[in-house]
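Hi everyone, thanks for coming.

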Amino acid sequence: MAVDIAPKQASGAALGIVGIMSYLAAGIQDIASGYLIENNKSVIDGVTMYNFDSISVFWISSAVISLFLALLTWRKT
């Protein structure tokens, strides 16, 4: 999408910025997911149990937000 809305002369720069932001967002998501998973575990009789309720809400809401942000850039030609 970034290449479609950027001028032809700046398409390489647009791809570079999108790539950098993708890696940055993936790193932030990894930290956030790890934090939520670690804070929602419990040890019962030596067995570690994980509760994925809050992490599932985080993952699903992140997917919905990214869908809506992508739809903001969609335009008919």
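Let's start with a term: a residue is buried if its relative accessible area is under 20%, exposed if it is over 50%, and partly exposed in between, using a 1.4 Å probe and protein chains only. By that rule, 4% of the 77 residues in the chain are buried.

A word on where this comes from. This is a predicted model, where local features need pLDDT of at least 70, side-chain atom pairs count only at pLDDT 80 or more, and totals for chains, interfaces and linings use all residues. Residues are numbered from 1 along each chain as its sequence is written, and side-chain values use heavy atoms, with hydrogens and water left out.

Now the overall layout. Helices (H or I, at least four residues) and strands (E, at least two) are DSSP runs, numbered from the N terminus. Here we have 3 helices and 2 strands, and from the N terminus on their order is α-α-β-β-α.

Let's zoom in on the strands. Two strands pair if DSSP finds at least two bridges between them. E1 and E2 run antiparallel and are joined by 4 bridges. Across the pair, Ile44 stands opposite Val47 in E2.

What sits in the loop between strand E1 (41-44) and strand E2 (47-50)? Asp45 does. The hairpin has 2 residues between its strands, and Asp45 has a positive phi of about 55°, although it is not a glycine. With 77% relative accessibility, Asp45 counts as exposed.

Next, the rings. Rings of Phe, Tyr and Trp (its six-membered ring) pair if their centres lie within 6.5 Å; planes under 30 degrees apart count as stacked, over 60 as edge-to-face and the rest as tilted. The structure holds 1 aromatic pair. The ring centres of Tyr50 and Phe52 are 6.1 Å apart and their planes are at 35°, so this pair is tilted. Tyr50 is partly exposed at 41% relative accessibility, and Phe52 is partly exposed at 40%.

Finally, let's look at helix H3, which covers residues 53-72 and includes Leu67. Why is Leu67 called partly exposed? Because its relative accessible area is 47%.

To recap, please take away two pictures: Asp45 in the loop between E1 and E2, and the tilted pair of Tyr50 and Phe52.
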